[in-house]
Amino acid sequence: MFNYISVVGMEHMICEMCGKDVPTTKPVFIERTKLNLCGACARFGDEQRESKGVAQKGPSAQAIEQRLQSRERRMQTRDIYSGKESRHLMDEYGEAIRTARMRKGLSQEDFAASIGIKKGMLSKIEANDLIPEDKLVARIEKALGISLMEEVAYSGGTQSGSSGKMTLQDFIRRE
Ligand SMILES: [Zn+2]
């Protein structure tokens, strides 16, 4: 009998859906694609679904999606995503502060005093000559009702050429 698992020839079995290391996987068809899955994932196979009727396709597809996502997390090397703040001070923070301050009709003296710094310091910040520390940035943002931070878009998975959610098709192509 043809044994798919031995053809793959991995030292240990990795479930092709959730990425879990398991002692053994079994070949299961999902959406007409053959995958070697752990016991927990195997129940999402087409056969099972057909024998129980088509009604559960929705929730089951969602469960597959969740497992694919957990697989993606496992497969990702730890260094890429550490959950760090991806915000940083905008380049033109000085200009933004000055504009917002003037819109509020505040002089440099008044505004500096209201956030507890010297006028000279504020004028340096507004000239982009001095980078305010995080706490001060927060105070300025609050006082002026503006945001001085920029989101840095995290483009995960650039090495493998895909970003965001991985679909079943994506990962089949990868293997
Ligand atoms: Zn699995």
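This briefing describes the fold of one protein chain, from its overall make-up to selected residues.

The structure is a predicted model, in which local features need pLDDT of at least 70 and side-chain atom pairs count only at pLDDT 80 or more, while totals for chains, interfaces and linings use all residues. Residues are numbered from 1 along each chain as its sequence is written. The chain holds nine helices and six strands; these are DSSP runs numbered from the N terminus, with helices being H or I runs of at least four residues and strands being E runs of at least two. Buried residues make up 18% of the 175 residues in the chain. A residue is buried if 20 or more other C-beta atoms lie within 10 Å of its own, exposed if 12 or fewer, and partly exposed in between, with C-beta atoms placed from the backbone.

**Contacts along the chain**

- Of the contacts between residues at least 6 apart in sequence, 48% join residues at least 24 apart; two residues are in contact if their C-beta atoms, placed from the backbone, lie within 7 Å.

- Strand 3 (residues 26-30) pairs with strand 4 (residues 33-37) in the antiparallel sense, over five bridges; two strands pair if DSSP finds at least two bridges between them.
- In this pairing, P27 stands opposite N36 of strand 4.
- Two residues lie between the strands of the hairpin, and E31 has a positive phi near 45 degrees there.
- Most residues other than glycine have a negative phi.
- T25 lies in the loop between strand 2 (21-22) and strand 3.
- T25 counts as buried because it has 25 C-beta neighbours inside 10 Å.
- The C-alpha atoms of T25 and H12 are 9.5 Å apart, although the two residues are separated by 13 residues along the chain.

**The nonpolar cores**

- The largest nonpolar core has eleven residues: I14, C15, M17, C18, V28, I30, L35, L37, C38, C41 and L68. A nonpolar core is a set of buried Ala, Val, Leu, Ile, Met, Phe, Trp, Tyr and Cys residues joined through C-beta atoms within 7 Å.
- Strand 3 and strand 4 are the elements that give two or more residues to this core.
- A second, separate core has nine residues, among them F111, A112, L122 and I125.
- In soluble globular proteins, nonpolar side chains tend to be buried together.

**Helix 4**

- L68 is found in helix 4 (residues 57-75), and it counts as buried because 21 C-beta neighbours lie inside 10 Å.
- L68 and G19 are 49 residues apart in sequence, yet their C-alpha atoms are 8.0 Å apart in space.
- R73 also lies in helix 4, but R73 is exposed because it has 11 other C-beta atoms within 10 Å.
- R73 and C18 are 55 residues apart in sequence and 9.1 Å apart in space, C-alpha to C-alpha.

- L122, I125 and E126 are buried in helix 7. These residues cover an arc of only 95 degrees around the axis, so they are on the same side of helix 7; the arc is that of the directions from the helix axis to the C-beta atoms.
- The cover over the buried residues of helix 7 includes helix 5 (93-103) and helix 6 (108-114).
- N128 follows helix 7 and has a positive phi, near 60 degrees.
- N128 is in the loop between helix 7 (119-126) and helix 8 (134-144), and N128 counts as partly exposed because it has 14 C-beta neighbours inside 10 Å.
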